[in-house]
Amino acid sequence: MKTLSKIILITLFIISMISCSNDDQGVTGVSAGVAVKLVDTEITIFDINKDLKIDLNSFTNAKVTNLDVFKGTTKIADAVISDNAATFNSSSLLPFVFPSEEEGKTVSSGSFDLDLVYDISGGNIPSAITAEKLSVTKAINLTDKVSSIKFKDSASTNLITYVTSTAGAKIDDIVVTWRKGEMGTETDISTGFNIDKGTIDLKNKDYITYGFTKGDLLIYSFTVSSGVLTDKVEAKIEIIPQPFKSGVSGNLGNDLTKNQINLLTGSTSKDDTFTGDIDFVGPQGFGAINNTVNGENYTVDIQFVKLGDTGASFYDKYNDVEQAKADFDAGTPSTSSQVVKDEIYAYKIVRNIGTTNAPVLKNYYGAILVGDITVINAGTNVDIALSFKENSIID
């Protein structure tokens, strides 16, 4: 009968709390003579046997004589009162089951809405209620993760970092594995990983040792255990091709004031200047710049291989520097080519990334798409629209 009365009390006090705007705690606090507050508001899924503390603060001679913990309309615990505090055990909250974002599924982390219903001696009212929320979190989480990595990338930001924590429960072990794809076989690599925290640095390229390549999905799993309980997080990393830098476009023609073009910027320059990468080669093509003026020479080391595929759609999807190198190496390079619309050329260019006095030569690979070609007056005026992109290869 007493439990039924408190269920009715919960309902009545919810109504009164909604209508009350001057006191954040409804009829608790000063109006009741006591303030009741849940101190331990967060535990993990491993904390299935932890005493949770409740503060009991008195403003007058009022005193909490009995405290029941409700989850919804179900009483789950009689709190143990001692002086100005009370406790109840987290085991009374079991099972830890919460709705998942996926329809029809459940998860073990989430939050409980609790009502602390208590009797008061010496206060202005005989009973009161405090609404609290208790969160149940995972025992292991990823604090650093990446969803994809360029094949062979050595950037220092490609980190997978895990951290474990509980509200008191002991974590016994951690198991770290990798697998290829969702259905792949897991390989245990736990040796050397600490229970409290750890990092996998993808710039070490262990995934290459494992046999991964472009297009593969690498999955790292981190599973911690506490007795018979386990918790798990996964990092899923797509291995993607090394892409080109952002594409550029420009026009090249037989107009001697703009018949040279820079493949990095798209800017044009006039004939025989010592700038740019390729120049117009009549009647309808382009080639490596090789200018000699007043005994000085400006030569660009660039060669081209025409691809079998054509068109803007293929060019847009063609975004793999290593593939461009493979296509270039498989063909017969030339320093110039006569072109038609929609042709695509892979190219190799040697650039100086150092200085004139201390040159540092580096190979870059790229692709050129031939766009609209305008020919006027039987070839007197020729204009070729080009799109191009390039990058170096990460070894």
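Student: Which residues does Ser392 touch, not counting residues up to four places away in sequence?

Tutor: Contact means heavy atoms within 4.5 Å. By that rule, Ser392 touches Gln242, Val321, Lys362, Asn363 and Tyr364. This is a predicted model: local features need pLDDT of at least 70, side-chain atom pairs count only at pLDDT 80 or more, and totals for chains, interfaces and linings use all residues. Residues are numbered from 1 along each chain as its sequence is written, and side-chain values use heavy atoms, leaving out hydrogens and water.

Student: Is Ser392 buried or exposed?

Tutor: Buried means under 20% relative accessible area, exposed over 50%, partly exposed in between (1.4 Å probe, protein chains only). Ser392 counts as buried because its relative accessibility is 13%.

Student: Where is Ser392 placed?

Tutor: Ser392 lies in the segment after β31 (381-391). Strands are DSSP E runs of at least two residues, numbered from the N terminus.

Student: How do I read strand pairing?

Tutor: Two strands pair if DSSP finds at least two bridges between them. Here β23 (residues 278-281) pairs antiparallel with β21 (residues 260-261) over 2 bridges. Gln260 stands opposite Asp279 in β23. Another 4 bridges join β23 to β24 (residues 285-288), also antiparallel. β23 and β24 form a hairpin, with 3 residues between them.

Student: And which residues touch the most other members of the largest nonpolar core?

Tutor: A nonpolar core is a set of buried Ala, Val, Leu, Ile, Met, Phe, Trp, Tyr and Cys residues joined through side-chain atoms within 4.5 Å. In the largest, of 55 residues, they are Leu67, Tyr220 and Phe222. Strand β10 (residues 110-121) gives the most, 5 residues.
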